[in-house]
Amino acid sequence: MTPPKAPDQTDGTPPSAALSCPEVSAPLRTMKTRAEFLRAARADKQGTKGLLVQGRARAEASPEGGAPAEIRVGYTCSKKVGNAVARNRAKRRLRAAARAVIADDGRPGWDYVLIGKREVTAARSFEGLLSDLRYALRKLHERAR
RNA sequence: GCGGAGGGCCGGACGGCCGCCUCGGCCGGGGGUGACCCCGCCGGGGAGGAAAGUCCGGACUCCUUGAAGCGACGGUGCCGGGUAACGCCCGGGCAGGGCAACCUGACGGAAAGCGCCACAGAGAACAGACCACCGCCGGCGCGUCCGGCGGCCAGGGUGAAACGGUGGGGUAAGAGCCCACCGGGGGCCGGGCAACCGGACCCGCAUGGCAAGCCCCACCGGGAGCAAUGCCGCAUAGGGACCCCGCGCGGGCUGAUCCUUUCGGGGAUAUCGCCGCAGGGCCGCUUCAGCCCGAGGGGUCCGGGUUGGCAGCACGAGCCGGUCCGCGAGGGCCGGCCCAGAUGAAUGGUCGUCGCGGGCGGGGAGACCCGCCUGGCACAGAAUCCGGCUUACAGGCCCUCCGCGCGA
RNA sequence: GCACCCGUAGCUCAGCUGGAUAGAGCGCUGCCCUCCGAAGGCAGAGGCCCAAGGUUCGAAUCCUUGCGGGUGCG
């Protein structure tokens with residue numbers, strides 16, 4: 001296994017940034033209602049090799065001085081991804097990737113929806129998924145300015 | 001050793017790091033008057049043989065007034081047993097296939113009735129007509145021709161199927177006309193709970209196929225589904241429009257009410273209430289029983305609302321072991337165990353080692369051994385829960401049996 | 001969780017009370033017509049009737065199972 005540039009990787013453990021680490025940054029919450037997903041679907045989106053990301057800054061976000069606004073993340077794997085086993089596996093990998101990346105690179109008060117793609121989301125290497133997600137977040141944040 | 005048949009089972013293993021759901025402990029902290037809630041800690045559990053398809057059968061809830069009969073509709077279909085039940089399973093019978101082990105079978109009824117059987121063929125479903133065949137008589141263009149009478153049976157390119165088959169006797173020619181064998185039918189006897197099997201006897205022998213065409217017979221079956229259903233909370237509303245059926249008769253009964261009074265009572269019955277009868281409603285119909293309504297009942301559409309919570313919801317036709325009964329499916333008894341409960345939906349992510357598979361190279365006569373590489377390791381994810389069926393599935397293990405070959 | 005419908009030519013559909021050549025329209029190919037094209041005329045190709053079993057002498061049609069697509073209700 002030799003991915004291009006595995007940053008801080010000596011043994012087999014994933015990057016140490018994946019530690020739980022919530023108390024400093026904004027709390028993470030999973031999106032559950034249909035309305036939230038529909039709002040996110042109208043927002044900007046960025047596709048990558050392994051997944052598709054929709055992201056937007058909520059209007060009511062950023063409270064002054066209060067607790068940091070939460071980051072909401074949703075996951076979508078439609079029937080196009082495959083049967084139930086394939087969909088669940090894709091969603092689980094997306095969740096694992098989000099836990100590793102969003103805590104550092106996500107912005108408080110934003111909603112993100114991670115969308116799985118047929119075949120590739122389950123087959124792509126985990127390193128690749130992580131860098132895909134980081135790239136997509138960076139592009140979304142740049143365009144939002 | 002090769003080939004085959006049946007049955008049972010498994011369906012990656014171990015370990016780091018980081019996570020998820022749930023139950024319990026009540027240990028620590030926080031919140032609350034409280035029930036309790038949140039965070040942390042410790043301990044336990046956490047997908048399948050098909051969780052799938054939704055093809056059957058139930059449990060459980062709600063709806064339907066109950067029973068009987070009839071009818072309609074749907075299903076099942078050899079016999080016996082198992083089971084809560086089944087269209088499932090087991091055992092048996094029969095039929096077909098295979099050398100065999102074994103496998104397969106919607107396998108009731110076609111003399112209850114209706115319908116259909118294309119093409120071909122003389123004829124396709126009462127069985128007779130037609131062509132041919134044989135004998136006799138007659139006629140003449142004497143050919144082995146025509147006509148008449150009689151025999152009425154075999155034969156007739158066909159066809160999926162043609163009124164028993166084969167052989168022999170017999171005859172003018174023939175025919176169950178007679179005989180033998182096979183097939184068929186009938187009641188009888190014996191065995192078996194039964195399906196069915198066996199036996200002798202009688203009948204020369206009359207009645208195709210399709211019921212996964214209608215149908216007949218026997219048996220079974222109310223409808224809907226956990227988004228069922230119950231409770232709590234929140235919001236809105238105590239709405240609007242339209243349609244259908246109906247508001248009958250009697251008793252004054254004195255409880256209201258009204259009139260009258262000599263205050264004891266008497267009268268009235270429009271109205272409210274009561275009683276009785278009609279009437280209406282409650283299963284498709286009928287009967288019986290019962291209940292309800294008796295002046296309101298029912299339906300359709302629009303409008304409004306729709307982030308909810310808890311119960312149902314996991315101790316069950318449960319799992320494991322032993323023992324007894326049974327050929328078996330299975331059942332009885334004893335002991336032990338608690339074993340998923342999510343709801344944008346947990347049971348994982350990632351890395352390493354091993355195993356399996358594949359590829360390449362080397363050694364060896366061969367079996368095989370060694371090294372390296374490896375995006376490979378199936379089908380597939382509980383959603384109220386069980387019993388089955390069906391379908392999908394990489395690879396592997398165990399047991400029993402059959403045929404052939406070789407050896408002793 | 002239920003209920004139901006449909007798979008036939010490249011496309012849209014007939015045929016589905018079993019019977020032998022599986023049809024129609026559009027499209028396609030060739031020819032005619034025209035200076036060329038359209039329209040029109042003539043001729044032709046194109047189907048293992050979703051799959052696998054079964055019933056029957058015979059199946060697109062009847063039965064069973066599966067696959068794919070779609071609709072409705074709660």
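The model is predicted, so local features need pLDDT of at least 70, side-chain atom pairs count only at pLDDT 80 or more, and totals for chains, interfaces and linings use all residues. Residues are numbered from 1 along each chain as its sequence is written, chains are lettered from A and ligands numbered from 1 in the order in which they are written, and side-chain values use heavy atoms, with hydrogens and water left out.

**Overall fold**

- Chain A contains four helices and five strands; helices (H or I, at least four residues) and strands (E, at least two) are DSSP runs, numbered from the N terminus.
- Read from the N terminus, the order of elements in chain A is β-α-β-β-β-α-β-α-α.
- Of the 145 residues in chain A, 36% are buried, where buried means under 20% relative accessible area, exposed over 50%, and partly exposed in between (1.4 Å probe, protein chains only).
- Among contacts in chain A with a separation of 6 or more, 78% join residues 24 or more positions apart; contact means heavy atoms within 4.5 Å.

**Helices α2 and α4**

- Two packed helices are described by the angle between their axes and the distance between the axes.
- Helix α2 (residues 84–105) packs on helix α4 (residues 126–144) at about 45°, and their axes are 10 Å apart.
- That angle makes α2 oblique to α4.
- Axes here are lines fitted to C-alpha atoms, for helices over the stretch in contact, and angles run from 0 to 180 degrees between N-to-C directions.
- Angles under 35 degrees count as roughly parallel, over 145 as roughly antiparallel, 65 to 115 as roughly perpendicular, and the rest as oblique.
- The crossing of α2 past α4 is right-handed; a crossing is right-handed if the near helix is turned clockwise from the far one by less than a right angle, and left-handed if anticlockwise.
- On the α2 side the contact is made by R93, A96, A97, A98, A100, V101, I102 and D105, and on the α4 side by F126, L129, L130, L133, R134, L137 and H141.
- By class, the contact of α2 with α4 has 11 nonpolar, one polar and three charged residues; Ala, Val, Leu, Ile, Met, Phe, Trp, Tyr, Cys and Pro count as nonpolar, Asp, Glu, Lys and Arg as charged, and the others, Gly among them, as polar.

**A98, L133 and V73**

- A98, in helix α2, counts as buried because its relative accessibility is 1%.
- Leaving out neighbours within four places in sequence, A98 is in contact with V73, Y75, A103, L114 and L133.
- L133, in helix α4, counts as buried because its relative accessibility is 0%.
- Beyond four places in sequence, L133 touches L51, V53, A97, A98, V101 and L114.
- V73 belongs to strand β4 (residues 71–76) and is buried, at a relative accessible area of 2%.
- Not counting residues up to four places away, V73 touches L28, R29, T30, M31, A98, I102, Y112 and L114.
- C-alpha to C-alpha, V73 and Y112 are 4.8 Å apart, although 39 residues apart in sequence.

**Two buried glutamines**

- Q46 sits in strand β2 (residues 44–47) and is buried, with a relative accessible area of 13%.
- Apart from neighbours within four places in sequence, Q46 is in contact with L51, L52, V53, Y135, A136, K139, L140 and R143.
- Q54 sits in strand β3 (residues 51–57) and is buried, with a relative accessible area of 9%.
- Beyond four places in sequence, Q54 touches A40, A41, D44, K45, D111, Y112, V113, I115 and L140.

**A buried loop glycine**

- G109 lies in the loop between α2 and β5 (110–116) and is buried, with a relative accessible area of 1%.
- The C-alpha atoms of G109 and E70 are 5.5 Å apart, and the two residues are 39 apart in sequence.
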